[in-house]
Amino acid sequence: MLWKDQYELGVSLIDTQHKELFRRVESFMQVLRSSDSWDKKISQIDETLEFMKKYVVEHFRDEEEYQRSINYPGYEAHKQIHNGMVKYVLEVSKQYEKSKYNEDLMQQFGGKLLAWLINHVAAEDQLIADYAIKKGVSGNDK
Amino acid sequence: MINNLYRAFVDATQNVFNLMLNLSEISDQLVEDYKCDDEVDIAIGIVGDLNGEVIYRFPVSTSLNMVNIMSGMQFEVVDVFVTSAISEIANIISGNVLTALSTSDIKCDILPPMQHKPDEDKEYELKTSCCINTTIGEIYIDIRLNRVC
């Protein structure tokens, strides 16, 4: 299982969204790496890509809202990281359509997404939780 | 300076491996010459107060072990997915090093990861190599940088 309990921040809304993101990325990888022909996988890949485009934006918005609610000092820098990832997902999606569903492009996207997501949640997001605990505002959850 | 750079890369690698791969038993050593044909070389260009590149040399078995741990799946060969995942790890380590260096007022940016072998013909003022030993294999880091006046 891709999700590990050590990634929990203690903020239920964010943790729930992170679990959903990990679940989707895991099922994306399973489709990506299955032995089926690429043509058979395209519809499932497209579905996940569409989900990622919407859900990543929604999740980042909620997470940024939480950061503002606790006056997280790293808010601006964290927002830049989110914006960079949204831009990357949209660019890859555009290139993928333009390339007429090139498999290598999606394999490359999958590898980067896996490492990026684990680092972001295990390292960057953990800093938010550390700050909330330190300031005694870790219960400021929706 | 060279010692600070060496330490910054080793520390960042240890932190990233600990957080992302749950590896805590990590040691490092200076290396003079490293020869391995069975590896994936990921170069990260550095521009700013320091200019040059850092090459992460991941033996194939280490690369596969890293991606297997992250994904919970079994990867048997280094393909586009594996190369992309370990390139992102090299990118993350380098980003963390630059963040650490910025506290000493050294301002640099990193360029997107590229897959290529070190260019042995170029001269560098700051040049060192380290081997990082982990329970899933070794990683070699070649640091090749020049100060920009």
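Does B:Asp105 count as buried or exposed, and why?

Reply: B:Asp105 counts as exposed because it has 7 C-beta neighbours inside 10 Å. (Placing C-beta atoms from the backbone, 20 or more others within 10 Å means buried, 12 or fewer exposed, and in between partly exposed.) Bear in mind that this is a predicted model, where local features need pLDDT of at least 70 and side-chain atom pairs count only at 80 or more, while totals for chains, interfaces and linings use all residues. Residues are numbered from 1 along each chain as its sequence is written, with chains lettered from A and ligands numbered from 1 in the order written.

As for where it sits, B:Asp105 is in the loop that runs between helix 3 and strand 4 (108-110) of chain B. (Helices are DSSP runs of H or I with at least four residues, strands are E runs of at least two, both numbered from the N terminus.) The backbone of B:Asp105 has a phi near 65°, which is a positive value in a residue other than glycine.

Now step back into helix 3 of chain B, where you'll find B:Thr99. B:Thr99 is exposed too, having 12 other C-beta atoms within 10 Å. Go 15 residues along the chain from B:Thr99 and you reach B:Ser84, with 22 Å between the two C-alpha atoms.

Helix 3 of chain B (residues 80-102) also meets helix 2 of chain B (residues 60-71): their axes come within 10 Å and cross at roughly 85°. (Axes are lines fitted to C-alpha atoms, for helices over the stretch in contact, with angles from 0 to 180 degrees between N-to-C directions.) That makes the two helices roughly perpendicular, a label for angles of 65 to 115 degrees. On the helix 2 side, the contact uses B:Ser63, B:Leu64, B:Met66, B:Val67 and B:Met70, while helix 3 brings B:Val82, B:Ala85, B:Ile86 and B:Ile89. (Ala, Val, Leu, Ile, Met, Phe, Trp, Tyr, Cys and Pro are nonpolar; Asp, Glu, Lys and Arg charged; the others, Gly among them, polar.)

Helix 3 of chain B has a part in the meeting of the two chains as well. There, 16 residues of chain B are in contact with 17 residues of chain A. On the chain B side, helix 1 (2-21), helix 2 and helix 3 are the elements giving two or more residues, and helix 3 gives the most, with nine. That side of chain B splits into 10 nonpolar, four polar and two charged residues.

And the partner? Chain A has four helices and zero strands, and its C-alpha atoms fill a box of roughly 50 × 30 × 20 Å along the principal axes. Of the 142 residues in chain A, 24% are buried. Among chain A contacts between residues at least 6 apart in sequence, 67% join residues at least 24 apart.

Chain A has positive phi values of its own. A:Asn71, in the loop between helix 2 (38-69) and helix 3 of chain A, has a phi near 55°. A:Asn71 counts as exposed because it has 11 C-beta neighbours inside 10 Å. Just after helix 3 of chain A, A:Lys100 takes a positive phi of about 60°.

Finally, the confidence scores: the model has ipTM 0.92 and pTM 0.93.

Note on methods: Parallel < 35°, antiparallel > 145°, perpendicular 65-115°, else oblique. Contact = placed C-beta atoms within 7 Å.
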